Amino acid sequence: MARFKSKYAEIEANQFLKRGECPLGVCTREDGTHYVVTAQGQEVMVHEGEWIAIENPPGDGTRAYPIAPNVFERRWEPK
């Protein structure tokens, strides 16, 4: 049996802190809720405090995904 460890990639991310100040990738609905569109084209709700990681598929605009603050802090550190 072999052992494995995680290999982390470098990402671009911004924290979504206040409503009305949306980082790149965050969209706002008419009812004031926020979401991102993933690389798979799914809309995922975003909540204050979550980190927004950016993915850019070629020619398909900005795609992103939310990461819970506690998960983000465990997995990534500033470059």
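In this predicted model, strands β2 and β3 make a hairpin with five residues between them, and G32 in the turn has a positive phi of about 90°. The two strands run antiparallel and are joined by two bridges.

Four bridges tie β3 (residues 34-37) to β4, and the two run antiparallel. H34 has V46 in β4 as its bridge partner, while V36 stands opposite V44.

Put together, the three strands give an open sheet in the order β2-β3-β4, with antiparallel pairing. As a general point, strands of a sheet pair through backbone hydrogen bonds, either parallel or antiparallel. The edges of this sheet are β2 (27-28) and β4 (43-46), each of which pairs on one side only. As for β3, the strand is covered on both faces. H34 and V36 sit on one side, Y35 and V37 on the other, and all four residues are buried.

Then there are the cysteines. With a disulfide taken as two cysteine sulfur atoms within 2.5 Å, the count comes to zero. C22 is in no disulfide, and the nearest cysteine sulfur, which belongs to C27, is 8.3 Å away. Seen from the other end, C27 is likewise in no disulfide, with the sulfur of C22 as its nearest at 8.3 Å. Because its relative accessible area is 33%, C22 counts as partly exposed. C27 also falls in the partly exposed class, because its relative accessible area is 29%.

Searching the whole structure turns up one aromatic pair. The partners are W51 and F72, which are stacked, with 4.2 Å from centre to centre and 5° between the planes. Since planes under 30 degrees apart count as stacked, the 5° angle puts this pair in that class. The pair links distant parts of the chain: W51 belongs to strand β5 (residues 51-55) and F72 to helix α1 (residues 69-75), 21 residues apart. Both of these aromatic residues, W51 and F72, are buried.

Helix α1 also holds V71. The C-alpha atoms of V71 and W51 are separated by 9.5 Å, and the two residues lie 20 apart along the chain.

In general terms, rolling a probe the size of a water molecule over the atoms shows where empty space is left. The largest pocket of the model has a volume of about 280 Å³. Eleven residues line this pocket, and those nearest its centre are I11, W76, E77, P78 and K79. Sorted by class, the lining comprises seven nonpolar and four charged residues, with no polar ones.

Methods. Residues numbered from 1 in each chain as written. Predicted model: local features only at pLDDT ≥ 70, side-chain atom pairs only at ≥ 80, totals over all residues. Heavy atoms only, no water. Phe/Tyr/Trp six-rings, centres within 6.5 Å; stacked < 30°, edge-to-face > 60°. Buried < 20%, exposed > 50% of the residue type's maximum accessible area, 1.4 Å probe, protein only. 1 Å grid on protein atoms, 1.4 Å probe; cavity = no way out; pocket = protein on both sides within 12 Å on 5 of 7 lines; lining within 4 Å. Points joined across faces, edges and corners; volume = space filled by probe spheres on them. Nonpolar A, V, L, I, M, F, W, Y, C, P; charged D, E, K, R; others polar. Pairing = 2+ DSSP bridges.
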